[in-house]
Every structure is written in C-alpha cells, then in structure tokens.
Amino acid sequence: MKKEKQTKKSFKLKGEMYIDTLIGMMITFIVIALGLSILPVLIGQYMLSAEVHDLARDIAIVGEYDGSTITVNGKAIQPNVKPENPTEEQYNGYKYQLGTEFTVTAEYEFNINIGGIASVDIPLSAKATGRSETYWKEMDLNQK
C-alpha cells in the first residue's frame, strides 16, 4: 500500500519536472543569447585598444606620426595624436623630440543588432600614452 502512494506521487512530480526543465532551458538560452550579443562588443573594444597601443608604440620608436589611420572591423578610424604638454614644440606637426610625451586616442561606434528588431550604437574609445625615443637634429627638421 505504501508503494502505491509513492508511485502515484512520482507520476505527479514528472509533469512538474518537465515544466521546471523547460523553464531552466529557456533561461539558459536567454543567457547564451545575451552573451553572444555582448561578446562582439568586448572583442571590438579589445581590437580598438590593441590598435591604439600599437600605434603609440610605433610613434614612440620612430618619433613621428605620419597621419595614418587604424582599422577596426573593416572601418578606418583617424586617431587623435597630440603631445601631453602643449607648450613643447612639435616639429612639422608630426615629429616628436626625444622624451616628448604624447597621447593617442580613438573613438569608434559599434553597432549591435538585437534579434533583428532593434539596433543600438555603442561608443567605444581607447587611449594610449607614449614617450618619443628618437632624437631629431635641428638640420634634419628643416629638410622635411
């Protein structure tokens, strides 16, 4: 008699288990979908930051900025490069004397599509600083 009550009780719980499992699966899929929509933004921020840091390192080694653009997700971005101390002389608009600190900043609008229903633009920005490692002689500055 006791066994019959337990089997009847377990049959009643099976229907509830299906519903609980379904709700758990739906929550899991929603979390995965949100993660997949946010992941490209994080990757875009990383790519932008890496490009800005690479450009800052190139400027520090070479000592000049040639006005080149950086590319993130196939879109060309014009970074803003300026010396830290505006009173220091920036030669020919692009050359940085030995020890001159500079900042490279770039901004990018990343577009997210949410299920084909909505589109959201998320502004991403990156900043890197550097110090010129090149000594420019006075005669070289006038030749360019």
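The structure is a predicted model, in which local features require pLDDT of at least 70 and side-chain atom pairs count only at pLDDT 80 or more, while totals for chains, interfaces and linings use all residues. Residues are numbered from 1 along each chain as its sequence is written, and side-chain values use heavy atoms, with hydrogens and water left out.

The protein contains two helices and five strands, arranged along the sequence as α-β-β-β-β-β-α. These elements are DSSP runs numbered from the N terminus (helices: H or I, at least four residues; strands: E, at least two). With contact defined as heavy atoms within 4.5 Å, residues 24 or more positions apart account for 61% of the contacts with a separation of 6 or more. Of the 144 residues, 25% count as buried; buried means under 20% relative accessible area, exposed over 50%, and partly exposed in between (1.4 Å probe, protein chains only).

A nonpolar core is a set of buried Ala, Val, Leu, Ile, Met, Phe, Trp, Tyr and Cys residues joined through side-chain atoms within 4.5 Å. The largest one has 22 residues, of which Leu48, Val52, Ile59 and Val104 touch the most other members. At least two residues of this core come from each of α1 (2-62), β1 (70-72), β4 (101-114) and β5 (118-131), and α1 gives the largest share, seven residues. Residues up to four places away in sequence aside, Val104 touches Val52, Leu55, Ala56, Ile59, Pro79, Asn80, Val81, Ala126, Lys127 and Ala128.

Ile38 lies in helix α1 and counts as partly exposed because its relative accessibility is 47%.

The whole structure holds two salt bridges, each a side-chain nitrogen of Lys or Arg within 4 Å of a carboxyl oxygen of Asp or Glu. In one, the closest N and O atoms of Arg57 and Glu133 are 2.7 Å apart. This pair connects helix α1 with the loop between β5 and α2 (138-143), 76 residues apart. In the other, Arg131 pairs with Glu101 at 2.1 Å. Arg131 belongs to strand β5 and Glu101 to strand β4, so the pair ties together parts 30 residues apart in sequence.
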